[in-house]
Amino acid sequence: MTLQITEKEGGCTFRVRVAPGGRRDAIIGKHGDAIKIRLQAPPVEGKANRALSEFLAERLGVSRRDVEIISGQASRWKRVRVEGISADAV
């Protein structure tokens, strides 16, 4: 299955599967149509969500405020919107 990345209105939306509590932050591959990302942060009090936003911003070369988790705040499955980037860059 291929990654599903939607590009419109100056940004991209895509799915992420988060694996919190890992040894280090890393992209570990695909999970269905999503990007699977391992994070050191635990899944409590929004720490994993903040870590995900910071990780994606750094990897994609945008500011943290350009990364928004638009659904799945309390789930391992998330839909993320990144402003100012093309689908090819993701």
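# Quick briefing: pocket, helix and salt bridges

Helix α1 (residues 47–60) is the top contributor to the lining of the largest pocket, giving 3 residues. Helices (H or I, at least four residues) and strands (E, at least two) are DSSP runs, numbered from the N terminus. Heads-up: this is a predicted model, where local features need pLDDT of at least 70 and side-chain atom pairs count only at pLDDT 80 or more, while totals for chains, interfaces and linings use all residues. Residues are numbered from 1 along each chain as its sequence is written, and side-chain values use heavy atoms, with hydrogens and water left out.

**The largest pocket**

- The largest pocket has a volume of about 160 Å³, a volume being the space filled by probe spheres set on grid points that are joined across faces, edges and corners.
- Of its 13 lining residues, P43, A48, Q73, S75 and K78 are the closest to the centre.
- On a 1 Å grid over the protein atoms alone, a pocket is an open set of points with protein on both sides within 12 Å along at least five of seven lines, and lining residues have an atom within 4 Å of a point.
- The lining splits into 6 nonpolar, 4 polar and 3 charged residues (nonpolar: Ala, Val, Leu, Ile, Met, Phe, Trp, Tyr, Cys and Pro; charged: Asp, Glu, Lys and Arg; polar: the others, Gly among them).

**Helix α1**

- With 14 residues, α1 reaches 20 Å from its first C-alpha to its last, close to the 20 Å expected at 1.5 Å a residue (the expected span is 1.5 Å times one less than the number of residues).
- A48, N49, A51, L52, S53, F55, L56, A57 and L60 of α1 are buried; buried means under 20% relative accessible area, exposed over 50%, partly exposed in between (1.4 Å probe, protein chains only).
- Those buried residues pack against β2, β3 (26–31), β4 (34–38), β5 (67–71) and β6 (77–83), with contact meaning heavy atoms within 4.5 Å.

- T13 sits in strand β2 (residues 11–19) and is buried, at 12% relative accessible area.
- Leaving out residues up to four places away in sequence, T13 touches Q4, I5, T6, I70, R79, V80 and R81.

**Positive phi outside glycine**

- E9 isn't a glycine, yet its phi is positive, near 50°; E9 is in the loop between β1 (5–8) and β2 and is exposed at 71% relative accessibility.
- E45 isn't a glycine either and has a positive phi of about 50°; E45 lies in the loop between β4 and α1 and is exposed at 70% relative accessibility.

**Salt bridges**

- The whole structure has 3 salt bridges (a side-chain nitrogen of Lys or Arg within 4 Å of a carboxyl oxygen of Asp or Glu).
- R15 pairs with D33, the closest N and O atoms being 2.9 Å apart. R15 is in strand β2 and D33 in the loop between β3 and β4, so the pair ties together parts 18 residues apart in sequence. R15 is partly exposed at 24%, whereas D33 is buried at 14%.
- E54 and R64 meet at 3.6 Å, N to O. E54 is in α1 and R64 in the loop between α1 and β5, so this pair ties together parts 10 residues apart in sequence. E54 is partly exposed at 45%, and R64 is partly exposed at 40%.
- E83 bridges to R81 with closest N and O atoms 2.8 Å apart; E83 is partly exposed at 31%, while R81 is buried at 12%.

Methods: On a 1 Å grid over the protein atoms alone, a cavity is a set of points where a 1.4 Å probe fits but cannot get out, and a pocket is an open set with protein on both sides within 12 Å along at least five of seven lines; lining residues have an atom within 4 Å of a point.
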